[in-house]
Every structure is written in structure tokens, then in C-alpha cells.
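User: Hey, I've just been handed this one and I'm new to it. Can you walk me through it?
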Amino acid sequence: MKRLNNLYYSKRIKELLAELQTAGTTLVVAPMGYGKTLAVQYFLQEQERCGKKVLRQSIYGAGAEAFWQGVCHSWQNTELGAALLQQSLPADANAKTLVLELFRQLLPQEPVYWFIDDLHLLESSEVIDFLFALSKAGFADLHLLLVSRGQIFDGSRLLELGRKVFCLDKHDLALQRDELAEYSSRCGLQLTAQQLDALHEACEGWFSVTYLNFLNYDRYQRFCLDTGSVYEMIANVLLRPLPSEQQRLLLLMGQPEEFTPEQVAYAYGTSCRESVGRLLECNAFIIRLANGRLRCHHMLKQATRHAFGLLPEAEQQMYFRRLGQWYAQQKEYEEALDWLYRGRDFDGLLAAVQQLRDWSMHPQHRQHLFDWLCECPPEILWQYPQAVLIIMRRMFSLNMVPEMLQVKEWYVTALERNTALSQRERDNYYGELEVILSFLAFNSITGMSEHHRRAYKLLSGAPQTLSKQGIWTFGAPSVLGLYLRTGCSLRQTVEDMQECMPPYYLLSGWHGAGAAELTEAEALLLQGRIDEMDMTLQKAYYQAEKHGQECITICCDFLEMQRNLFRGVYSSKAEAYSRHQWQLQPWKQSMLLNTADMCAGFYYALLGKPEYIPSWLTDGNGQQPSVLYPARPCRNYISAQCLLAQGQYTELLVRWSDWEQECRPYSNFLCLLYLQVQRAAAFAGRGDVTSCRASLKQALAMAEADKLVLPLAQNIALLRPYLEQEAQGEYSAAAAAALHLGQQMEAGRGQIMSARFAEAGLQELTEQELQIAQLAAARHTNREIAQRLSLSEGTIKQYLNKIFAKLQIDAAAKNKRHQLERFFSNS
């Protein structure tokens, strides 16, 4: 009796697969048709029989977003899965750290086998970076099984993983000569030694081609050893010999990535359960998945899709339409969209869109988003204003603003033409439109608020276009860095925020709570009114924590860190942020880890401890962690301050033009001011007096009207002599205020350095340096020290400069020896 569809695993293969039980990561890499997936599935079925937990994920497209959706789906119904849903694919070091911590904390306390198939279909280096980081972490109970046609990790990464990775390739999976003989015998074929030799030589152990030859031999008593294309073999052996009905059914099975017999029968249009059953019984290229669905092997899929494309266009559209309707009936609306579009069923397409309020969107939908509406007949479009609204919302998130504005006109027409809407429904739709249009007014507080107020009057409930869980600050640590648009407008900006935020709170359920108070506190800090900001800062903290707005809490911490520098109080929050030991729960959005890095980096730059600055803030290699576009100007001025702390003046000046340009689209005036001050400081660091004075004058002109002296004061070490000159000139008030505030910061910084870092600094001194430092601290002059140690005064001066540098004492300060005294008294 012939048993051609029986699966065969040799003793050698079984022994190799047994190694997977002890491997942290297994890489199975071989060309198509070598039985990679079937071998891993066989191993996993054995693990499931032993009660082990198995997760399966198949890759069906090139997009990283679709991959991450698959990750979350794989881990659904677990605590880890719930946490991963709050994240996106980690694209930078902070995000990877966060996701790996989630795995460490929330992995089930039992062995888990996670199988990811067809990785060669991905075109995302971020995915491979994530899988490498996961493999390198080496969690004891996690077994990662990665299958691909091509290389997954390069040689250097394989070397780095060492014994953490186990590799199988085509030579391991290929049928050997004795295995081919045993396989043919189990299938019920009686082959001669010469036939086996010829078959093995022609197929080279290629499992799929061997199987196709077995089918052909069983039917025609001959092998297909000279066929140039495996796809032609599939067509000749599996497709063309079938009756017409079964041919159509097999073509339909090859269209979806996964299918069910009921789905294929629905798409075909008549009762054909028996024909579907016979196809499944006699075709080993159709694989049954763990979720109960079926999938065609890639070789069969490619062959059937080619044949399907030769059908008349009207017939293809009919089948596409039916597939889309089937998905819609199953409430798999995202899957239905593309099929309905290809089937030209715009009525069904827009009806499906209306079910997708939280639409994450497949990558292929982005390129068709505008086409759907352009090609839809107007009389159908007018019946679905809610669908048009949802598409418009997605267009804004994809930065398709010109298309979005065109769709707005269609949306309004759709509302006016749809006579079935009640007045309440119509008002709600117009209210949602106002919410969407408000984003186009960023960063005008009053402009956005006008839309918010109109939306609040029109809507009868919470808008669908806003989420309280979104990051109100876009990841920036400064509210005024986002919303201060021009000079001479600080007071007005504070008042606008106080007036406009309460209506927005009502509309959004307290999204961004604390922002109004925070804006006032930041304005006071920028003007150097340190003692006046405490009450408003505490109010901001209270509102943000009460309503769960972590992004506002981080902004509050950023202000507190800067304020405490003037008071000589070391910021334990900065230390916690730099080590990521902060109060945010680990499943919150990873973008806030980057915000924390910016806060800590800026603080340590001002403190004069560049060794604590996160490296990505100054790398400039294009691999910086992600922040949303509106937050980039804030990131840039923080990076510039970090470069100043490291003495990288030339590097700052090289990047300055690009940074300055990124402040222009949204008129980020405060960020521009910081960059102008930092440019002057960089010129001062290089000794370029003329350029420094020119840049400083521009900065003073920008700062004077609103008394924004903080950026100048924070760069006092490099700008002091130039500010002293300007204190007698055109901008005397701003320069004098900056000098006064800068002296306060230097005094506070000195207290922190002597109290916090005295012992560490003293340990860096050589024996000779320590002796000189002690004499200087005892108020001996350079001449007295030189005479006592038999050295020249010039040598003593050089030693003292080294000592001041090691102890982080500002070389430009006038009270260096007083600070030196404090170092010894505190240590």
C-alpha cells in the first residue's frame, strides 16, 4: 500500500533535533524544500506531548510592525504578552533594555519553545537586532527556534553567541543515500539500487523534489530528473492532472497566507467539502498549523499564485471579493481590507474600515490608503463618513497631510450627502473632525484649543481620536521647548496654556494633566526666579501623578534637577535616571526611557560629569534612539550641552546648522535660544573671540525681552568674560542677570561636587598632587609651595591646573582655593 504523504524522519535527524532541548537559540537555515519547518514542527509536537509550552509565529511579510504584532499574538494570554502589547518593536538600546527586562521578569516559570518561521521574508534589521539581543540574553527557560532560507546572524554575532546557539543547515537536513532508501520503502515504493542512486544524485537530498519525484513515479512510473524548475514540477505533478473543480480549489488555497476548508469552499461558491478533503489527503505541500488552519508550502503557493494570475480578471476579482467577505464575516476586518479592494468591493471595504477604531494597519495598507478613497465611487463614499474619518486619522499619523486635507473635503461632502444621519450623529462626526484638525495647528496652543473647544461642544461623548495613554510631550523633557514659538511671548504662552488646557482636559480625560502648572514653573526657572517656582512645580507634580501622566512627571523632574543645581543639592533622580532605576513601571512606553536619558545627560553636562552622559546623546552616528519628530529640537539642544561638557566644540559647530534647521518647522524658539548660546560657548571654547561675540549678541537679543537668562547662566564657565563685556553694552540687563545667576549655579555646583564627589576626586590625585593640593587648601601661595617642594612656580601652577581638573573645580572660578578647602573638609 502506497503511503506517499507519510512524513519521514531518520534516526540521524531525530538525534540532531534532540539537541534543541538544551539550546537557548537554534538557527535552522537552508534553501526552500529541505523540510526545515516540518522538522521543527516534529520536534515541537514531541515537546507538546511531554507537556511543554510551545509558541508558533509565521512571517508573512517584510514589515517590522507586522512582525511585532505576531510577537504579541504569540505571547497572548500571558502576563508577558499583556506587557509587550504596550511596546513597539525595540529600535534602540533603551527600548531593547526595556523589552529584555520584561522577558526577564515576566517569562513563565517553565520551559517555553518559541518557533519563528520564514525569517527570510523580513526586510528589517531591527527585527534581527532584537532577536540577537534576546539570544544573547540567554534566558534559561526560553528556547528560541529561528527558521530561514538565508543567513540570520552574521559570523561575528555567531561567534559572540558561542555555545548559546545551535545551528542546522541544508547538509544536516538533506536525505542521505541510505535514508532515501528507507524513505522510499516506507512510502511503499519498490525502487532498484540504480534508481535510488540516480534519484539521490539528481535531488542531492532535496526533500521536496524527492517527494515530487515519488508522486510522479507512482503515477507514471518515471522520475522527473531533468526538469529545470521545481515550480514547473509542481504544476505538472500536483496541479495539471487535477479535475477542473479541484484545480480551482487548489488555486484558491494558495491565495491567503493561511486558510480553512470552509473559507476555500465559501470563496469557490458551491458545496465542495469532499473535493477539499481529497486535496488535503493527497498533498503533503499543504501543512496543518497548530491554530487549526492550513497553509500551502511556499513552493506550492508560488506555483498556484502564478496560475491564478492567468485567470480572467473578472474571475480573479470575484474570488478576491468572496475571500474579503469571508474575512469580514469572521470579524477579521484588517485581513478583509486588501481582498475587498482587490475585488473592487468598496461597499464592503468601507464597512470593514468602520469596525477598525483601533486600527494598527498592515504595512501594505499604507500604500493603498489614498487609493481606496480615490477609486471608490462617490455615491458609496458618501454613505460611510465614519470610515473616511478613520482613514483620515491614520493619514495624519503617517504624515500624509496633503492627502489628509483632500480627504477632509470628501469627509464634509459625505456628511452633507448622508441624509440618514441624525443631527447628533452629524455633530459627533464634525466633533471628531475638529479633534483631527487640531493636530495640524501644532504648536500653536490657542490654534489647537480653538479646535478642541469646538469639538467639545459638538461631541456627545469622548472622542475616538484621542488616547489618554499617548505621550502628551512627544518624548520631550521641556514643555516650553515644544510650545514657546517666538520671543516676547513667554507670559502670553503661560497664560494661553493656563486658559487652553482645562478645556482639553475635559475633552481628553485629563491627557497631559499638569502641563499648565509645569509651563509656569519652567518660565520662572528660565528667568532665574528659582525661589518662586516651588509651589507651581509641586502643583504640576500633583496633577501629573493624580492622572497617571508619566511624561509630565518626567518634565517636572527635569526642572527639579536644574533648580537643585542652584541650591547645591545633588539630584538622586538624575542618578536613578542614568541607571534606569526610576519609578516608571517597566511596561510603560520605552520612549520615556530616552526622555530619562535626556534629563540625566543634561544634568550631568551642567554638573561637569561628562562620564555619566548616555553615549547616544553625543554619538552622532545616526543610530540615536527614537523620539517623535516634535521632540527632536529638545533632544538637539540637550545633545549640544553634552558636547560642550565633553569639550567637543568643533563637533557641536559641525552639527549646529542641522540642529538649527530642525527648530524651524514648529518655531521652537527656546530650543533656538539654547542652540545660539551653545554655539557662542563652543566658539569660546575654541578661542574664536569674534565669532563668540557675534553669536552671544544674537543670543542676548533673543533672551532679553522675556529675561530668558537660564541658558546663558548654565554656560557661564565658557561665556563669563564675554558676558562681563556685554554687561557694559547694549544688552547689559540680560548679561548682568546671566552673570548673577551663573555665579549662583557655580556655587551650588561646587557644593555638590565637594559633598558628593570629593572622596572619588581625591583618590585620583598622585602623591605629589595630593601634597600640593593640601598646601594650597591651607592657603599657601604658589611661591611658598614651590620653595617648600624645591619646584618652580610655573610647575606648581601646572600641577594645580591638573588638580582642579581632577577635582572638577572650574578653572575659571575665582574661589578655587576655597572650593579646595571644602574638598578636604568634606573628605
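User: Where does Asp 118 sit?
Analyst: Asp 118 is in the loop between strand 3 (112-117) and helix 6 (125-137). Keep in mind that this is a predicted model.
User: What's its phi like, and is Asp 118 buried or exposed?
Analyst: Asp 118 has a positive phi of about 65 degrees, though it isn't a glycine. As for accessibility, Asp 118 has a relative accessible area of 4%, so it counts as buried, the cut-off being under 20%.
User: Where is Ser 667, and what is its phi?
Analyst: Ser 667 also isn't a glycine, and its phi is positive, about 55 degrees. You'll find Ser 667 in the loop between helix 35 (649-662) and helix 36. Its relative accessibility is 26%, which makes Ser 667 partly exposed.
User: Which peptide bond is cis?
Analyst: The one from Phe 442 to Asn 443 is cis, with omega near 5 degrees. Asn 443 belongs to the loop between helix 24 (423-438) and helix 25 (445-458).
User: How many bridges join strand 2 to strand 3?
Analyst: Six, and the two strands run parallel. Ser 58 stands opposite Asp 117 in strand 3.
User: New topic: how many residues are in the largest nonpolar core?
Analyst: There are 118, and Trp 472 and Leu 723 touch the most other members. Helix 36 (residues 669-686) gives the most to this core, with 13 residues. There's another core apart from it, with 93 residues, including Phe 259, Cys 376, Leu 415 and Ile 436.
User: What is Leu 723 in contact with?
Analyst: Beyond its neighbours within four places in sequence, Leu 723 contacts Leu 696, Leu 700, Leu 712, Ile 716, Ala 735, Ala 738 and Leu 739.
User: Going back to helix 36, what about Gln 678 there: buried or exposed?
Analyst: Gln 678 is buried, with a relative accessible area of 0%. Setting aside residues up to four places away in sequence, Gln 678 touches Tyr 637, Ala 640, Gln 641, Leu 644, Leu 652 and Asn 715.
User: Last one. Is Arg 288 buried or exposed?
Analyst: Exposed, since its relative accessibility is 55% and the cut-off is over 50%. Arg 288 is part of strand 6 (residues 286-288). Not counting residues up to four places away in sequence, Arg 288 touches Leu 280, Arg 293 and Leu 294.
User: How far apart are Arg 288 and Thr 260?
Analyst: In sequence they are 28 residues apart, and in space Arg 288 and Thr 260 are 9.6 Å apart, C-alpha to C-alpha.

Note on methods. Residues are numbered from 1 along each chain as its sequence is written. This is a predicted model: local features need pLDDT of at least 70, side-chain atom pairs count only at pLDDT 80 or more; totals for chains, interfaces and linings use all residues. Side-chain values use heavy atoms; hydrogens and water are left out. A nonpolar core is a set of buried Ala, Val, Leu, Ile, Met, Phe, Trp, Tyr and Cys residues joined through side-chain atoms within 4.5 Å. Buried means under 20% relative accessible area, exposed over 50%, partly exposed in between (1.4 Å probe, protein chains only). Helices (H or I, at least four residues) and strands (E, at least two) are DSSP runs, numbered from the N terminus. Contact means heavy atoms within 4.5 Å. Two strands pair if DSSP finds at least two bridges between them.
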